[in-house]
Amino acid sequence: MAMKKEAPELAERSSSNPNKPHHLKPHRHTLSPFSFYSPKLSFYIFSACVTLFVILHIKTLQTDQNPTSSSWSLKHQWQRVNTTTTTNTTATMAEKLRQAVTFLPLKDLRYAGPAALQGHTWFMSSMYDKQDEEGGVQYQQFPVPSSHGRLLCVKGRDNHDGSWNSYALAFPEALPHNTTLMKGLTFVSYNHYNYDNIWHGLSAVVPFVSWHIKSSCAVPDRWVLYHWGEIRARIGVWLGSLMEATFSGAPRVEVFDDVEEGRAVCFEKAVVMRHNEGGMSREKRLEVYDLMRCKARLYCNVSLDEENSNNTHSVTKRIGVTLFMRTGPRSFKNDTAVIGIFERECAKVDGCRLMVAYSNNLTFCDQVKVMSLTDILVSPHGAQLTNMFLMNRNSSVMEFFPKGWLKLAGVGQYVYHWIASWSGMRHKGAWRDPDGDTCQYGEDDRRCMSIYKHGKIGHNETYFAEWTRNVIDEVKTRKIEEAKMATPSSNGCSCI
């Protein structure tokens, strides 16, 4: 019987240690990390990793192109966070700028005394005027690059104390809270005097007309009028008519009635004048007065150029003399006697016509028509003489004063010399009455001006007659010479 063959492993163990008892368990060897290494297994693992990597990469590419994916969502959430942060930062900055707006008194009392005559002004004292050209108008405009795009804002409507009204500059994106923004163009006028007197009112309007001409005839949507920083709601009828004629529309004077007390008003665009005609050259003033004359005649349906009449010869020979009379202060003591002197002298000259008019009973257009026919204006010193710029250029002016004005009235007595020059007229001198009321303080005492200011004017027949003859003869000669050199003129105004 054949013996059963032992397993090789058992035989090997038996032969290697024949003396070891068979009942003892065999010793278990410790396995190394490489005990299960197999090249085929490694290849399988590597292939699986590569496959997984490719699948994940493809998935990632698909995810980036899919706007509904979580990656796209995270990206845009981050963008929204950035946008929100930027918006919050901008809002915070705007609020800081809004809180930084500082309102200052319109009337700066530091300059209310002699300092105001030394190049300073206490109206908007922190501002500096600009002048685009030598002899041009001095003005401020907002917004402009020099103001860094800020708008002009005002607060208050006090009409008794300008220091209670205030002004500031503010960025359009950071206006004070509860601000009213007024659209369009606003003219802000400062007048040292008032807007009722036609001379004082006109001197405040002239610089705006100059800016109007240089700014392509831009017209305002509203006017804000200040007198010593105090707001004003009214202008004289004569001045209002002139403004309506010049700017092609009745002036709208803004007094902020619809604005709650204490709240600010800012202007989308504003032009500010503080110096009236100050600093303007004669050339610029002539330009302004020429426009106002032209627009006033159009407004009142008066011929723009009398020299374009069908009968040029008769116009050349015609000399219009107008006695523009006053009643009350600075009127003639004897109107009849004065009128008689001029009637007699005018009658001696072929073509001379005399008109007598009282300024207090003429409408604006009545005055425009009278002045358009006047070559020689004869009148006492007073606001009615302001109408002289409505005459044709090179017309003549004769002025009369009561007693005491020469010594005591100061430079103000020469304003109609000035306006004659500025508007292209010829001021032919003044007669000053040597007789009048007696002053108890002595004629050189300044307290006497309160008596002389409203005095009446006498006459000197011999002096008046000779003076009138000389002026009429001069005008007659001038008109003949002008007719010889006449060239066709345009009836159009520079701003229509």
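**Exercise 1. Is S395 buried or exposed?**

Before you start: this is a predicted model, where local features need pLDDT of at least 70, side-chain atom pairs count only at pLDDT 80 or more, and totals for chains, interfaces and linings use all residues. Residues are numbered from 1 along each chain as its sequence is written, and side-chain values use heavy atoms, with hydrogens and water left out.

*Solution.*
- Step 1: Find S395 in the loop between β11 and β12. Strands here are DSSP runs of E with at least two residues, and helices are runs of H or I with at least four, numbered from the N terminus.
- Step 2: Recall the cut-offs: buried is under 20% relative accessible area, exposed is over 50%, and partly exposed is in between (1.4 Å probe, protein chains only).
- Step 3: S395 has a relative accessible area of 1%, so it's buried.
- Step 4: Look at its contacts (heavy atoms within 4.5 Å). Leaving out residues up to four places away in sequence, S395 touches T374, D375, M425, R426 and R478.

**Exercise 2. Work out the strand order of the open sheet and its edges.**

*Solution.*
- Step 1: Strands pair if DSSP finds at least two bridges between them.
- Step 2: Reading across the 5 strands gives β10-β9-β11-β12-β13, with parallel pairing.
- Step 3: β10 (352-358) and β13 (426-432) pair on one side only, which makes them the edge strands.
- Step 4: Zoom in on β12 (residues 396-401): 5 bridges join this strand to β13. Across from F401 you'll spot R432 in β13.

**Exercise 3. Classify W418.**

*Solution.*
- Step 1: Locate W418 in helix α11 (residues 415-422).
- Step 2: Its relative accessibility is 35%, so W418 counts as partly exposed.
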